[in-house]
Amino acid sequence: MLPHWSDYTVAVMDICSCCGGSGIQRVGEQQFRTCLACLGQGFVDAEEAELKSRLDQTAAEAVNAVASSVAAR
């Protein structure tokens, strides 16, 4: 018997924001490298991308808070 369609999970993918979906990044005028964010695939898991975005935002807020407290001295 074949498995039922509900036995499968579907990953929602987003276009990689680092390489724009190409899978490569320009590092010089004539130099390129594989995008490390998507490992050359051109897309990333949407849930992982959202989590990374939230972590980056939290880290940026923490850095801004430290910078503000240092500047206030």
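Is V44 buried or exposed? V44 is buried, because its relative accessible area is 18%, where buried means under 20% relative accessible area, exposed means over 50%, and partly exposed lies in between, all with a 1.4 Å probe and protein chains only. This is a predicted model, in which local features need pLDDT of at least 70 and side-chain atom pairs count only at pLDDT 80 or more, while totals for chains, interfaces and linings use all residues. Residues are numbered from 1 along each chain as its sequence is written, and side-chain values use heavy atoms, with hydrogens and water left out.

The overall layout comes next. Of the 73 residues of the protein chain, 14% count as buried. The protein chain exposes about 6,400 Å², of which carbon and sulfur atoms supply 58%, the areas coming from the Shrake-Rupley method with a 1.4 Å probe, and for residues only the protein chains shown count as cover. Among the contacts in the protein chain with a separation of 6 or more, 35% are between residues 24 or more positions apart, contact meaning heavy atoms within 4.5 Å.

V44 itself lies in strand β4, and, with residues up to four places away in sequence not counted, V44 touches V12, M13, D14, C16, A37, C38 and A49. The C-alpha atoms of V44 and C16 are separated by 5.6 Å, although these residues are 28 apart along the chain. V44 also belongs to the largest nonpolar core, whose five residues are C16, C19, C35, C38 and V44; such a core is a set of buried Ala, Val, Leu, Ile, Met, Phe, Trp, Tyr and Cys residues joined through side-chain atoms within 4.5 Å. In soluble globular proteins, nonpolar side chains tend to be buried together.

One of the residues that V44 touches is M13, which is found in strand β1 (residues 13-15). M13 counts as partly exposed because its relative accessible area is 36%. Apart from residues up to four places away in sequence, M13 touches F43, V44, D45 and A46, and its C-alpha atom is 9.0 Å from that of A49, a residue 36 places away in sequence.

Q25, in strand β2 (residues 24-26), counts as buried because its relative accessibility is 18%. Beyond its neighbours within four places in sequence, Q25 is in contact with C18, C19, Q31, F32, R33, C35 and L36; of these, C19 and C35 are among the residues of the largest nonpolar core. T34, by contrast, has its place in strand β3 (residues 32-34) and counts as partly exposed, because its relative accessibility is 43%. The C-alpha atoms of T34 and I24, ten residues apart along the chain, are separated by 4.5 Å.

With neighbours within four places in sequence left aside, T34 is in contact with G23, L39 and G40. Of these, L39 lies in the loop between β3 and β4 and counts as exposed because its relative accessibility is 63%. L39 also has a positive phi of about 55°, although it is not a glycine.

Which residues are closest to the centre of the largest pocket? The largest pocket has a volume of about 310 Å³, and of the 15 residues that line it, A37, V44, E48, A49 and K52 are the closest to its centre. Here a pocket is, on a 1 Å grid over the protein atoms alone, an open set of points where a 1.4 Å probe fits, with protein on both sides within 12 Å along at least five of seven lines, and lining residues have an atom within 4 Å of a point; grid points are joined across faces, edges and corners, and a volume is the space filled by probe spheres set on the points. The elements that give two or more residues to this lining are β4 (43-45) and α1 (46-71), and α1 supplies the largest share, four residues. The lining divides into nine nonpolar, three polar and three charged residues, with Ala, Val, Leu, Ile, Met, Phe, Trp, Tyr, Cys and Pro counted as nonpolar, Asp, Glu, Lys and Arg as charged, and the others, Gly among them, as polar.
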